[in-house]
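This briefing is intended for a reader meeting the structure for the first time. Please keep the sequence and the model at hand while reading the points below.

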Amino acid sequence: MARISIASGKGGTGKTLVATNLAAVAGDAHLVDLDVEEPNCHLFFTCEEQSREVVNRKVPFIIKEKCTSCGNCAKVCEFHAIVSLPKDILVFDELCHGCGACSRFCPEEAIEERDHPIGELVRARVDGLRGLTYGRLKIGEASATALVRRVKKEISEDGLTVIDCPPGTACPAVESMRDSDLCVLVTEPTPFGLHDLKLALAVTAKLRLPHVVLVNKKGLPGPDIKGFCTDKKIPLIGELPFERSIAELYSKGGLLVSSPKHEQTFRSVLKNLLEEVERL
Amino acid sequence: MKEIVVLSGKGGTGKTVILASFASLAHKAVIADCDVDAPNLHLLLRPEVKERGKFSSSKVAVIDGRLCNGCKECLAACRFGAITTVGNSSLRKVAIDNDACEGCGVCMRVCPSDAVRLVERESGEWFVSSTRFGPMVHALLAPGGENSGKLVALVKQKAKLIANKSGARLVLVDGPPGLSCPAISSAAGADLLVLVAEPTVSGLSDFTRIADLCNHMKAEALLIVNRWDINAGISETIEKEGARRAVRCIGRIPYDDAIPESVANAMTPMEWSKGHSRTLIADIWKKIEDRI
């Protein structure tokens with residue numbers, strides 16, 4: 001039905017707050033946490049874990065007995081993940097993109113691709129959600145994008161899916177936003193918030209992704225985001241106030257929609273979002 | 001010369017404000033913003049750009065439609081789903097999805113008609129600037145840019161070069177959120193990491209993960225808990241989790257209205273006329289200097 005991603009550019013603007021509360025208010029949403037470096041959505045629900053699987057990527061393994069040290073693998077590796085020495089071949093797993101060039105073009109068939117764990121995929125049952133799925137990157141693993149791609153495969157075309165994206169505008173953030181029907185850019189009315197909103201807008205433009213803005217922490221001193229959105233003709237889908245009570249509730253892992261006032265806000269934001277998707 | 005890097009795991013915990021405050025307190029430091037995909041430090045330090053350059057570290061495949069015979073060998077060989085078919089006739093040709101292409105060159109090497117080339121992809125820009133607190137190196141990754149870790153390494157390398165030339169004692173680095181390539185690249189080779197955490201369930205989880213990364217990298221790290229009073233219980237848990245990972249807490253900063261006010265005025269909290277954070281941050285800085 002609809003795939004809505006929650007992104008931001010700047011970290012700490014309230015992506016997870018928005019994603020969890022929207023999913024909770026929808027009643028039957030699949031919540032997918034693609035911030036695999038720092039997944040947090042599951043902290044706001046009582047989760048019954050259903051499955052957990054290790055996600056791997058392929059890295060080359062040189063079969064020494066077959067290798068003639070011809071150096072072809074190093075030559076075809078665009079990522080400098082293989083270094084050829086006169087009598088040895090060194091592989092740097094962390095630089096490998098898993099493209100398979102080395103094994104494909106090895107004349108001796110001396111390269112095997114072996115699994116290198118990059119993190120895990122967790123599926124959980126949660127009351128009030130259709131499900132919660134998240135990835136968790138292994139500590140020290142440099143590339144999050146492959147894990148993001150794997151977790152995205154869990155998204156079905158049916159029903160509502162709410163996606164929590166990582167901050168920033170680099171590859172993991174872009175991969176998380178890509179393929180959604182609508183992207184909600186969460187920002188805060190500070191100079192940092194506006195600056196990074198503009199960077200996030202460059203990403204939605206590049207991906208030709210329909211988008212709306214949601215302002216969190218309204219009341220902080222700083223630029224006029226509402227005016228900015230009006231100028232740029234970007235729909236402002238909702239505003240959440242800057243209140244210590246919200247910060248304290250969030251800090252404990254509580255959902256805002258547990259209070260009738262905020263539940264109403266999120267219901268109307270969800271309604272606006274679904275109407276926006278309908279219009280597209 | 002010593003390199004100090006501020007990291008957090010979680011975004012929005014206050015890295016940039018704290019690093020900018022350190023920059024105002026340090027004498028003769030070179031400043032570097034390694035949050036290359038969403039940099040903010042320049043909004044407080046208002047650098048004057050002296051030198052700039054393009055950054056390109058990856059390649060992208062380009063298909064010459066005139067040479068493509070439509071065999072689709074490349075489509076089968078591409079592991080990144082970056083090759084799509086275009087046109088509807090029996091002789092369908094292929095096109096590259098630039099965003100998905102990682103520049104591995106497999107398509108180029110399997111193409112029987114030599115229709116594919118790899119070209120440099122511009123993925124960002126770097127700047128060397130001057131600020132009221134000293135020289136600053138910063139950068140901006142192109143939207144969706146690849147290899148942010150390499151751009152981070154470039155920024156750090158330039159900052160160290162300037163420090164060596166000018167005899168600066170310190171390089172102060174504002175790091176990115178998260179814990180993948182740009183964070184690892186920021187932390188690599190640092191003399192001291194300063195982790196800024198916030199007391200929320202998310203903040204606790206993210207702090208333990210970045211502290212684990214520090215241990216994994218065998219890097220020495222210290223902890224600052226920002227907005228300490230939002231949840232004193234979780235703040236104490238963060239401090240305990242830090243201690244378990246040999247990350248000592250060197251400061252608690254309670255929530256301070258003066259911080260967003262100073263930021264709204266493009267100043268560091270140290271330059272702002274109000275707020276309890278100023279003395280706390282100065283005390284923290286003294287502890288860092290002692291450690292260094």
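Helix α4 spans residues 145-152 of chain A, and because seven of its eight residues are buried, the helix is largely enclosed by the rest of the structure.

**Helix α4 of chain A**

**Confidence of the prediction**
- For the complex, the predictor gives an ipTM of 0.92 and a pTM of 0.92.
- The average pLDDT of chain B is 94, and 98% of its residues score at least 70.

**Chain A as a whole**
- Chain A contains nine helices and eleven strands.
- Its C-alpha trace spans about 70 × 40 × 35 Å along the principal axes.
- Chain A has 280 residues, of which 51% count as buried.
- Among contacts in chain A with a separation of 6 or more, 74% are between residues 24 or more positions apart.

**A strand pair in chain A**
- Strand β4 (residues 82-85) and strand β5 (residues 88-91) of chain A run antiparallel and are joined by four bridges.
- A hairpin of two residues connects β4(A) to β5(A).
- Within this pair, V83(A) stands opposite L90(A) of β5(A).

- In soluble globular proteins, nonpolar side chains tend to be buried together.
- The largest nonpolar core here holds 143 residues, and those touching the most other members are L22(A), V162(A), V184(A), A23(B), V155(B), L172(B) and L195(B).
- Helix α1 (residues 15-26) of chain A supplies the largest share of this core, eight residues.
- Apart from this core lies another, of 33 residues, which includes C73(A), C77(A), C68(B) and V94(B).
- Leaving aside residues up to four places away in sequence, V155(B) touches A32(B), C34(B), V36(B), W126(B), V137(B), H138(B) and A139(B).

**Contact between the chains**
- Chain A contributes 52 residues to the contact between the two chains, and chain B contributes 50.
- On the side of chain A that touches chain B, at least two residues come from each of α3 (101-104), α5 (171-177), α6 (191-206) and α8 (244-251).
- The largest share of that side, eight residues, is supplied by α6(A).
- By class, the side of chain A that touches chain B has 24 nonpolar, 18 polar and ten charged residues.

**Domains of chain B**
- Chain B is divided into domain 1, covering 2-56 + 124-291, and domain 2, covering 58-121.
- The centres of these two domains of chain B, taken over C-alpha atoms, are separated by 41 Å.
- Their contact takes four residues from domain 1 of chain B and four residues from domain 2 of chain B.
- On the domain 1 side of this contact in chain B there are three polar residues, one charged residue and no nonpolar residues.

Note on methods. Residues numbered from 1 in each chain as written. Chains lettered and ligands numbered in written order. Predicted model: local features only at pLDDT ≥ 70, side-chain atom pairs only at ≥ 80, totals over all residues. Domains from an automatic or database assignment. Contact = placed C-beta atoms within 7 Å. Nonpolar A, V, L, I, M, F, W, Y, C, P; charged D, E, K, R; others polar. Core = buried A, V, L, I, M, F, W, Y, C linked by C-beta atoms within 7 Å. Buried ≥ 20, exposed ≤ 12 C-beta atoms within 10 Å, placed from the backbone. Pairing = 2+ DSSP bridges. pLDDT = per-residue confidence, 0-100.
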